[in-house]
Amino acid sequence: MSTSSDSPTPVPYETTLLVRDHCLCLRAQRAARAMARRFDEAFRSIGITSGQFSLLISLNRPKPPTLGSVAELLAMDRTTLTANIKPLEKRGLLTVTPDPADRRARLLSLTQEGRAVLAEAVPLWHATQAAVEAAVPDPDAVRAGLDALA
């Protein structure tokens, strides 16, 4: 630990280049931001973001999922998921209700309007997904690599 009178040891510029050229985290962050921008643009006409699409599509199930299972699927903590649910709930795209089997748990359900927005979003997703996959040499390998990291 350095004191206020010590000057920090400078990080060599070569280290910056090493991180820039080899850091998987940096590359994943850059790719995630670029991908989100691309899908956000695709969904803009229907008033949702790529993150909201992911949340809505995760609710498209035969039975309403619990908040916890959706948080796990989306790799979010419950607090972040709850914050992301609120604008969609306010817009009338989903509902949050207590689970009759466990009153502490919450069930998430698409509303009729949420299903309609999702129906509009899916063709936009298909077109954007196809364009993204066409730009990647081996999309299956990318998916496998990302799954391995997750």
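# Reading contacts, core, pocket and loops

User: Which residues does Leu-56 touch, not counting residues up to four places away in sequence?

Analyst: Leu-56 touches Ile-48, Leu-88, Leu-93, Leu-94, Leu-110, Val-117 and Leu-118, with those close places in sequence left out. A contact means heavy atoms within 4.5 Å. This is a predicted model, so local features need pLDDT of at least 70 and side-chain atom pairs count only at pLDDT 80 or more, while totals for chains, interfaces and linings use all residues. Residues are numbered from 1 along each chain as its sequence is written, and side-chain values use heavy atoms, with hydrogens and water left out.

User: How many residues are in the largest nonpolar core, and which have the most contacts inside it?

Analyst: In soluble globular proteins, nonpolar side chains tend to be buried together. Here the largest nonpolar core has 22 residues, and Ile-48 and Leu-56 have the most contacts inside it. Such a core joins buried Ala, Val, Leu, Ile, Met, Phe, Trp, Tyr and Cys through side-chain atoms within 4.5 Å. Two or more core residues come from each of helix H2 (24–43), helix H3 (50–58), helix H4 (67–73), helix H5 (78–90), strand S2 (102–110) and helix H6 (112–135). H6 gives the largest share, four residues. Helices (H or I, at least four residues) and strands (E, at least two) are DSSP runs, numbered from the N terminus.

User: Is Thr-111 buried or exposed?

Analyst: Thr-111 is buried, with a relative accessible area of 18%. Buried means under 20%, exposed over 50%, and partly exposed in between (1.4 Å probe, protein chains only). Thr-111 sits in the loop between S2 and H6. Leaving out residues up to four places away in sequence, Thr-111 touches Gly-92, Leu-93, Leu-94 and Thr-95.

User: And Leu-73, buried or exposed?

Analyst: Leu-73 is exposed, at a relative accessible area of 55%. Leu-73 is part of helix H4. Leu-73 touches Ser-58 and Arg-61, again not counting residues up to four places away in sequence. Leu-73 and Leu-55 are 18 residues apart in sequence, and their C-alpha atoms are 9.5 Å apart.

User: What is the phi of Ala-75?

Analyst: Ala-75 has a positive phi of about 55°, although it is not a glycine. Find Ala-75 in the loop between H4 and H5. Ala-75 is exposed, with a relative accessible area of 74%.

User: How much space lies in the largest pocket, and which residues are closest to its centre?

Analyst: The largest pocket holds about 1,800 Å³. Of its 33 lining residues, Ala-32, Met-35, Ser-54, Leu-146 and Asp-147 are closest to the centre. On a 1 Å grid over the protein atoms alone, a pocket is an open set of points where a 1.4 Å probe fits, with protein on both sides within 12 Å along at least five of seven lines; lining residues have an atom within 4 Å of a point. H2, H3, H6 and helix H7 (139–149) each supply at least two lining residues. H2 gives the most, with 11. By class, the lining has 23 nonpolar, five polar and five charged residues.

User: How many disulfides does the whole structure have?

Analyst: A disulfide is a pair of cysteine sulfur atoms within 2.5 Å. The search finds zero here. The sulfur of Cys-23 has its closest cysteine sulfur in Cys-25, 5.2 Å away, too far for a bond. Cys-23 is partly exposed, with a relative accessible area of 25%. Cys-25 is partly exposed too, at 45% relative accessible area.

Methods: Grid points are joined across faces, edges and corners, and a volume is the space filled by probe spheres set on the points. Ala, Val, Leu, Ile, Met, Phe, Trp, Tyr, Cys and Pro count as nonpolar, Asp, Glu, Lys and Arg as charged, and the others, Gly among them, as polar.
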